[in-house]
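Here's a quick tour of a protein model, meant for someone just starting out. Have a look at it first, then read on.

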Amino acid sequence: NDEVSFEVRRGDCLGLIGHNGAGKSTLLKMLNGLVKPDGGHIETRGKICALIELGAGFNPLLTGHENIYINGTVLGLTKQEIDDKLDSIVEFSEMSEFLHMPVQSYSSGMKVRLGFSVAVHLEPDILLLDEILAVGDAAFRAKCFNSITEISRNAAVIFVSHFMSSIGQVCNGVLVLKRGQQQYLGNDVTKGIDCYNELFVANERII
């Protein structure tokens, strides 16, 4: 949509918020090259890592250990780099006892643990996260948020969530969408969240 225009630099974590159907996931897929925009242009620089769909890129018939190598390779790591990072990836995921089980036996929370653990070891230039931290236990989510903060020091992060507490915790800017239209863009995270809440109240009145 030519009404949406923004820039995210290294050191930024942009919260992308809006209600269902606002266009958040579509925008992330455009940024990741999965969907082409109808108009305008998108410019990205560096290595992009996207955690857009739960367990995307995992082969359900293979083990968690095998999927770390496949996922890492697809995302641009060499086998040697994965070898070097493997212990750290497994430690972060807290899933060593399940690593040799097929991924199809994993819960959604386990898939998130594994996918996120690989992602945080990629050292991406751009990290796209879509609502994936909505599952899993509170302690692991807290660890993920700490990692997002660390990554955003050297990367541009775009983070989609319906949990405003999460947006307030990790983001230093907010883009609010409504049906593909930009409603707010700025560094005042509280103001962005207020805009989101106002849209919700207005929508409730319509219904």
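Which residues does cysteine 13 touch, not counting residues up to four places away in sequence? They are Ile148, Ser152, Val157, Phe159, Val170, Cys171, Asn172 and Gly173, where touching, or contact, means heavy atoms within 4.5 Å. Keep in mind that this is a predicted model, where local features need pLDDT of at least 70 and side-chain atom pairs count only at pLDDT 80 or more, while totals for chains, interfaces and linings use all residues. Residues are numbered from 1 along each chain as its sequence is written, and side-chain values use heavy atoms, with hydrogens and water left out.

**Cysteine 13**
- You'll find cysteine 13 in strand 1, residues 13-17 (strands are DSSP E runs of at least two residues, helices are H or I runs of at least four, and both are numbered from the N terminus).
- Cysteine 13 is buried, with a relative accessible area of 1% (buried means under 20%, exposed over 50%, partly exposed in between, using a 1.4 Å probe and protein chains only).
- Cysteine 13 and valine 174 sit 161 residues apart in sequence, yet they are 8.5 Å apart in space, C-alpha to C-alpha.

**Nonpolar cores**
- The largest nonpolar core has 47 residues, and Ile68, Phe116, Leu129, Ile148, Phe159 and Ile167 touch the most other members (a core is a set of buried Ala, Val, Leu, Ile, Met, Phe, Trp, Tyr and Cys residues joined through side-chain atoms within 4.5 Å).
- There's also a second, separate core of 14 residues, with Val4, Leu16, Leu31 and Ile52 among them.
- Leaving out residues up to four places away in sequence, isoleucine 68 touches Ile82, Leu86, Ile89, Val90, Leu99, Leu114 and Val118.

**Helix 4 and its partners**
- Helix 4 (residues 108-119) packs with helix 5 (residues 138-151) at about 20 degrees, with axes 11 Å apart (axes are lines fitted to C-alpha atoms, for helices over the stretch in contact, and angles run from 0 to 180 degrees between N-to-C directions).
- That makes helix 4 roughly parallel to helix 5 (angles under 35 degrees are roughly parallel, over 145 roughly antiparallel, 65 to 115 roughly perpendicular and the rest oblique).
- Arg113, Phe116 and Ser117 of helix 4 meet Phe140, Cys144, Ser147 and Ile148 of helix 5.
- The axes of helix 3 (residues 79-93) and helix 4 come within 9 Å and cross at roughly 140 degrees.
- That makes helix 3 oblique to helix 4.
- Here Ile89, Phe92 and Ser93 of helix 3 contact Arg113, Phe116, Ser117 and Val118 of helix 4.
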